[in-house]
Amino acid sequence: PANILQYANFVDPAREAALETSVANALPSEFLPVHRVSMVGLLLLVFVREDVATCVSHVDNDRVRVGFAGGGNKGAVALRFRFGGVRLAFLNCHLAAGETEANASERNANGRDVVSQAFGEHSKGVLQVSDAVWLFGDLNFRVQAKLEEVLPILGTRNVLSLLDKDQRTVGGASSMSAFEEAKISFAPTYKLQRGSDSYDTAGSRVPSWTDRILFRGPGTKCLGYNS
């Protein structure tokens, strides 16, 4: 148990600072950091344009641990703040992996815990205390098909037909059904061999759209969705 708690509280400030610097350097110079929050392998950074930075207030963060023994290997890091009079929340998640029905059920339970526990106040979850919410990261949704069924379709014009067997598309992620998602127009993002466009199918791993961005809130719309 002591080792689990030590792992859950592990942070690498130097690595986080380096990543924040890399992101800041990639953004236009008028963007300023709002805050950052981390947990094990999760890191969430939020930036805002300098000319509207004074609109940001009530910055807060939270962590939801749903992995083994609450060790933080799965779960979410979250940031919220007010932008003018609007309450915004961002959740970077890593949910349960695996392709079995049991894995999908655990993944759905992870999502339910994240949504209900993040910024939980008086039995209210993040959806009840926010005007707009973005939930994203390695949500681990899988294509529910066998590898031999999927391989002939990869790299063809019909690759998006695999979405008909995507866990979220077929309603297997009810805990996140309150969120919208922009139309997917790109090939599965998992799992590519490092430095290559070829998929790593070791162990009969089925290529899937595991990395997703979901959102909820009146007037919220996605301007671009690519991998």
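Apart from neighbours within four places in sequence, Ser175 makes contact with Asn108, Gly111, Arg112 and Val115. The model in which these contacts occur is predicted. Ser175 sits in the loop that runs between helix H4 (147-150) and strand E7 (211-216). A polar atom of the Ser175 side chain lies 2.7 Å from the backbone oxygen of Asn108. Ser175 has a relative accessibility of 14% and therefore counts as buried, the limit for this class being under 20%.

Met176 is likewise placed in the loop between H4 and E7. Its relative accessible area is 1%, so Met176 is buried. When neighbours within four places in sequence are set aside, the residues in contact with Met176 are Leu95, Arg107, Gly111, Leu135, Phe141, Arg168 and Leu214. The C-alpha atoms of Met176 and Val115 are 7.9 Å apart, with a separation of 61 residues along the sequence.

Confidence in the prediction was examined next. The average pLDDT of the chain is 91, and 92% of the residues reach a score of at least 70. Over residues 1-8 the pLDDT remains under 50, and the model has twelve contacts beyond four places in sequence for this segment.

Charged pairs were then considered. Side chains of opposite charge can pair when their charged atoms come close. Ten salt bridges are found in a search of the whole structure. One of them joins the side chains of Arg36 and Glu16, with an N to O distance of 3.5 Å. This pair connects distant parts of the chain, since Arg36 belongs to strand E1 (residues 31-39) and Glu16 to helix H2 (residues 13-26), 20 residues apart. Arg36 also forms a salt bridge with Glu20, at 2.8 Å from N to O. Because Arg36 is in strand E1 and Glu20 in helix H2, this second pair ties together parts that are 16 residues apart in sequence. With a relative accessibility of 28%, Arg36 counts as partly exposed.

Arg212 is in strand E7 and Glu181 is in the loop between H4 and E7, so the pair links parts of the chain that are 31 residues apart in sequence. Through shared partners, salt bridges join Asp166, Arg168, Glu181 and Arg212 into one network. Arg212 counts as buried because its relative accessibility is 1%.

The largest pocket has a volume of about 400 Å³. Its lining consists of Phe90, Trp134, Phe136, Ala182, Ile213, Phe215, Thr220, Lys221, Cys222, Leu223, Gly224 and Tyr225. At least two residues of the lining come from strand E6 (132-138), and at least two from E7. Strand E7 therefore contributes to the lining of the largest pocket and also holds Arg212, the partner of Glu181.

Notes. Residues are numbered from 1 along each chain as its sequence is written. This is a predicted model: local features need pLDDT of at least 70, side-chain atom pairs count only at pLDDT 80 or more; totals for chains, interfaces and linings use all residues. Side-chain values use heavy atoms; hydrogens and water are left out. Helices (H or I, at least four residues) and strands (E, at least two) are DSSP runs, numbered from the N terminus. Buried means under 20% relative accessible area, exposed over 50%, partly exposed in between (1.4 Å probe, protein chains only). A polar contact is a pair of N or O atoms within 3.5 Å; within protein, one must be able to donate a hydrogen and the other to accept it, and residues adjacent in sequence count only if both atoms are side-chain atoms. Contact means heavy atoms within 4.5 Å. pLDDT is the predictor's confidence in each residue, from 0 to 100. A salt bridge is a side-chain nitrogen of Lys or Arg within 4 Å of a carboxyl oxygen of Asp or Glu. On a 1 Å grid over the protein atoms alone, a cavity is a set of points where a 1.4 Å probe fits but cannot get out, and a pocket is an open set with protein on both sides within 12 Å along at least five of seven lines; lining residues have an atom within 4 Å of a point. Grid points are joined across faces, edges and corners, and a volume is the space filled by probe spheres set on the points.
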